Amino acid sequence: MKTERPARIQDLLGLVNALYPPQLAEPWDNVGLQAGDPAAPLTKVLIGLDPSEPAVTAAQAAGAEALLTHHPLIFKPLKTLTPGTETGRIVLQAIRSGISVIAAHTNLDRAAEGLNDWLATLLGVVGGLPL
């Protein structure tokens, strides 16, 4: 009998990357794993728009090991990682809670069947083309 390997953060990241390839992201964007251990086990994911303190708190309450957001937590290289900054507080809260943070931003926007395609369909756009 073959035993199944438990899901890992890296499995979710692989799925997100397959659907919304990171190379589609704008050069200024930062997508993918923002914080966390790719080898950590995964049983539950919380999906949100922004990686905020309330979003991490909600992930904690839900028992999620991953927070998948549209907007990245980290846009620019960090100079410090302390609770004195909003980003620092969020990163520290997520790491201390065992929650990985993953972003799919402009890669999700630009992908086939991605966010822009979904919105165009909802708006009734027919034959839309990228600008």
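These legends walk you through several close-up views of a predicted model.

View 1. The strands come in the order 1-4-3-2, with mixed pairing. At the edges are strand 1 (32–35) and strand 2 (45–48), each of which pairs on one side only. From one strand to the next, the twist averages 25°. Helix 1 (residues 9–19) packs on this sheet and touches strand 1, strand 2, strand 3 and strand 4 (100–103). The direction of helix 1 makes about 5° with that of strand 4.

**View 2. Here we follow the pairing across the sheet.** Strand 1 and strand 4 run antiparallel and are joined by 3 bridges; Leu-33 stands opposite Ile-102 in strand 4. Strand 3 and strand 4 run parallel, with 4 bridges between them, and here Thr-69 faces Ala-103 in strand 4 as its opposite number. Strand 2 is joined to strand 3 (residues 66–69) by 4 bridges, and this pair runs parallel. Look for Gly-48, which stands opposite Thr-69 in strand 3.

**View 3. Strand 4 is covered on both faces.** Ser-100 and Ile-102 lie on one side, Val-101 and Ala-103 on the other, and all of them are buried. In a regular strand, side chains alternate between the two faces of the sheet. Strand 4 also belongs to a right-handed β-α-β unit, together with strand 3 and helix 3 (residues 86–96).

**View 4. Asp-109 is a buried residue without a salt bridge.** You will find Asp-109 in helix 4 (residues 106–110). The nearest side chain of opposite charge, Arg-110, is 8.2 Å away. Leaving aside residues up to four places away in sequence, Asp-109 touches His-70, Leu-115 and Asn-116.

**View 5. The model has 3 salt bridges to explore.** Side chains of opposite charge can pair when their charged atoms come close.

- Arg-5 and Asp-11 meet through their side chains at 2.8 Å, N to O. Arg-5 is exposed, with a relative accessible area of 52%, while Asp-11 is partly exposed at 29%.
- Arg-110 forms a salt bridge with Glu-26, with the closest N and O atoms 3.7 Å apart. This pair links distant parts of the chain, 84 residues apart: Arg-110 is in helix 4, and Glu-26 is in the loop between helix 1 and strand 1.
- Arg-89 and Glu-53 meet in a salt bridge at 3.3 Å, N to O. Arg-89 lies in helix 3 and Glu-53 in helix 2 (residues 53–62), so the pair ties together parts 36 residues apart in sequence.

Methods. Residues numbered from 1 in each chain as written. Predicted model: local features only at pLDDT ≥ 70, side-chain atom pairs only at ≥ 80, totals over all residues. Heavy atoms only, no water. Pairing = 2+ DSSP bridges. Helix = DSSP H or I, 4+ residues; strand = E, 2+ residues; numbered from the N terminus. Axes fitted to C-alpha atoms, helices over the stretch in contact; angles between N-to-C directions. Contact = heavy atoms within 4.5 Å. Buried < 20%, exposed > 50% of the residue type's maximum accessible area, 1.4 Å probe, protein only. Right-handed = clockwise from strand over helix to strand, strands pointing away. Lys, Arg positive; Asp, Glu negative; His and termini not counted. Salt bridge = Lys/Arg side-chain N within 4 Å of Asp/Glu carboxyl O.
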